[in-house]
Amino acid sequence: MLKLTYRVLLICLSLFASVSYAQVTAIQNIQARKVQSLNGKWNYIIDPYENGYYDYRHEPFDKSKSGTGGFFDDRVQKDKSELIEYDFDHSPQMNIPGDWNSQLEKLELYEGNIWFRRKFDAKPEKGKKYFIYFAAVNYEAHVYVNGKKVGIHKGGFTPFQFDVTSVLKAGENSIVVKVDNTRKADEIPTVNTDWWNYGGITRDVFLAEFPEHFISDYKLQLVKGNNNLLSFTLKLNDATPNQEITLSIPELKLEKKYKTDAEGRVADDFTWNNLSLWSPETPKLYAVNIKTDKEDINDKIGFRTIQVDGDSILLNGKSVFLRGISIHDENPLLAGRLRGEGDMRMMLQWAKDMNCNYVRLAHYPHNEEMIRLADEMGLLVWAEVPVYWTISWTNPATYANAKQQLTDLIVRDKNRASVIVWSVGNETPLSDARLSFMTNLVETARTLDDTRLVAAALEVHRDGNAMVLNDPLGEKIDLVSFNEYAGWYWGGNPSEITKYTFNIKYNKPVVVTEFGGDALGGFHADENTRWSEEYQEALYKNQITLLSKIGALRGMTPWILTDFRSPRRQHPIYQNFWNRKGLISETGKKKKAYYILKDFYGQMQTKYK
């Protein structure tokens with residue numbers, strides 16, 4: 001009873017806390033709307049003391065009586081006696097989208113505040129709505145248009161937008177964004193991570209135009225477990241009834257007309273035969289059109305089903321082995337976040353070249369374009385939110401933030417056939433508070449989307465030579481999914497790890513979400529010498545032998561496709577701020593272990609044809 005009361009209290013408090021930063025779930029498929037790109041060169045001011053936000057009494061300028069005085073005013077000197085202690089026009093410029101760490105050497109390790117400013121022309125029309133849309137800003141963004149604050153957003157990897165209809169003007173406009181990537185204990189993720197904290201406006205920025213009543217969200221997917229029953233839902237931005245909606249898929253000669261109900265919604269399940277189902281082998285996408293008298297939205301959607309049956313994972317009703325690899329949103333060859341389609345296609349193609357049919361996009365939502373490319377290229381996806389390691393489990397605002405990030409991820413990617421798993425976190429320590437927090441996230445995921453699997457990367461503990469998986473969260477999720485690092489963090493040399501066995505409490509499909517070890521590309525020695533390619537190669541050979549003991553093994557995503565940067569990794573010879581667990585080095589060279597995994601996946605590909 002006490003646990004139930006605490007859980008209800010947590011939910012209620014989290015709902016109250018969530019309004020503190022005015023989060024609004026992002027509009028579906030922004031790329032298909034009428035948008036003006038605001039990408040390009042933005043002026044920036046580095047502001048470690050937040051002088052542009054607080055006055056000398058440490059009171060925010062935008063909460064003062066006048067609402068002015070900060071850098072967001074974007075003022076210029078009108079006469080020679082006027083005191084202004086900043087100047088965007090003469091400040092340096094940075095590429096947006098882009099992280100600041102990789103664009104300026106002195107900002108490589110910078111964590112703090114930077115102001116960004118962009119001037120743009122607009123021609124707002126009466127009767128239209130206008131939004132500033134950000135695909136991602138890391139981490140906290142304060143957004144101002146023409147000196148007026150339009151919103152605050154927290155979360156470094158999910159999209160958001162703010163209504164700027166009332167502040168936009170004809171001709172030249174100014175947008176100013178205060179970005180703060182400072183790590184904080186109560187945020188998602190928290191202060192302790194194992195990846196580079198890239199700050200900045202890291203993904204696309206758009207000015208989007210909409211009619212007064214527009215489609216804010218839609219979903220078209222197969223009903224779970226049914227290969228010809230389609231479910232279509234749609235909602236407008238407001239409760240406008242009787243709005244005519246036309247759904248069509250020309251290739252299927254499908255056209256259906258609807259009218260929105262009193263809440264501005266449409267919901268319909270209907271049978272349609274002869275669908276070509278999406279799979280990694282045949283990643284079929286249909287051109288889908290959704291139209292009103294004012295809007296014409298195009299999308300590419302694939303249809304497939306995913307479910308578990310005992311210890312099997314069924315894709316379109318057929319047992320599948322997930323031949324996967326984990327990936328960070330980072331280019332190993334050029335410092336910084338993946339910059340665009342070319343970078344993303346390179347990473348996914350490297351996975352396919354290794355006989356993968358599956359990728360774990362860790363440990364946070366990756367770029368929407370990455371998911372769309374996975375749709376196109378035929379790669380199944382595990383999508384994750386950064387509930388990572390030690391979170392403030394009892395803080396309602398922290399839970400509200402995690403829930404919002406999960407919601408934004410699911411809303412954004414629910415039409416992508418490639419996504420088969422929503423992950424609610426990684427390597428979180430056991431406690432009652434953590435179980436309540438994570439269980440609520442699992443239930444949120446299921447409420448938002450009941451057509452996919454829900455999982456988390458759990459941990460094992462050891463009892464003698466047995467690796468034990470009895471995390472109570474395992475009851476709530478669809479997969480026995482866990483990380484284990486036998487042969488690297490524990491267990492002796494690679495040749496010694498095959499003595500271990502597994503004691504798994506749950507009768508579900510097993511997907512090992514991480515294993516591996518570091519190797520400095522090009523460093524060669526015997527297989528017992530740490531950091532050598534031979535050590536990593538032997539580790540992979542013996543891990544495959546070890547994991548093959550699990551009768552319910554249905555997939556894996558070893559850690560990781562490529563070496564990536566991390567401030568935690570400080571050995572001056574072998575790491576030098578790099579996590580070296582990649583199967584491909586930072587120069588793009590395949591390490592010896594790459595070929596071990598590729599060969600094993602080739603065998604699994606044949607076995608599960």
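Q: Which strands does helix 4 lie across?
A: Keep in mind that this is a predicted model. Helix 4, residues 396-413, lies across strand 23 (380-384) and strand 24 (419-426).

Q: And at what angle does helix 4 run to strand 24?
A: About 170°.

Q: OK, what do the eight strands form?
A: A closed barrel, in the order 21-22-23-24-25-28-30-31, with parallel pairing. From one strand to the next, the twist averages 30°.

Q: How many bridges link strand 25 and strand 28?
A: Two, in the parallel sense; strand 25 covers residues 453-459 and strand 28 covers residues 480-483.

Q: What's the bridge partner of E459 in strand 28?
A: That's N483.

Q: Switching topic: how do the axes of helix 2 and helix 3 cross?
A: At roughly 45°, and the axes come within 10 Å; helix 2 is residues 341-353 and helix 3 is residues 368-377.

Q: Right-handed or left-handed crossing?
A: Helix 2 passes helix 3 in a right-handed crossing.

Q: Which residues make the contact?
A: From helix 2 you have E341, M344, R345, M347, L348, Q349 and K352. Helix 3 brings E369, M370, L373, A374, E376 and M377.

Q: How do those divide into nonpolar, polar and charged?
A: For the contact of helix 2 with helix 3, seven are nonpolar, one is polar and five are charged.

Terms used: Residues numbered from 1 in each chain as written. Predicted model: local features only at pLDDT ≥ 70, side-chain atom pairs only at ≥ 80, totals over all residues. Heavy atoms only, no water. Pairing = 2+ DSSP bridges. Helix = DSSP H or I, 4+ residues; strand = E, 2+ residues; numbered from the N terminus. Axes fitted to C-alpha atoms, helices over the stretch in contact; angles between N-to-C directions. Contact = heavy atoms within 4.5 Å. Left-handed = near helix turned anticlockwise from the far one by under 90°. Nonpolar A, V, L, I, M, F, W, Y, C, P; charged D, E, K, R; others polar.
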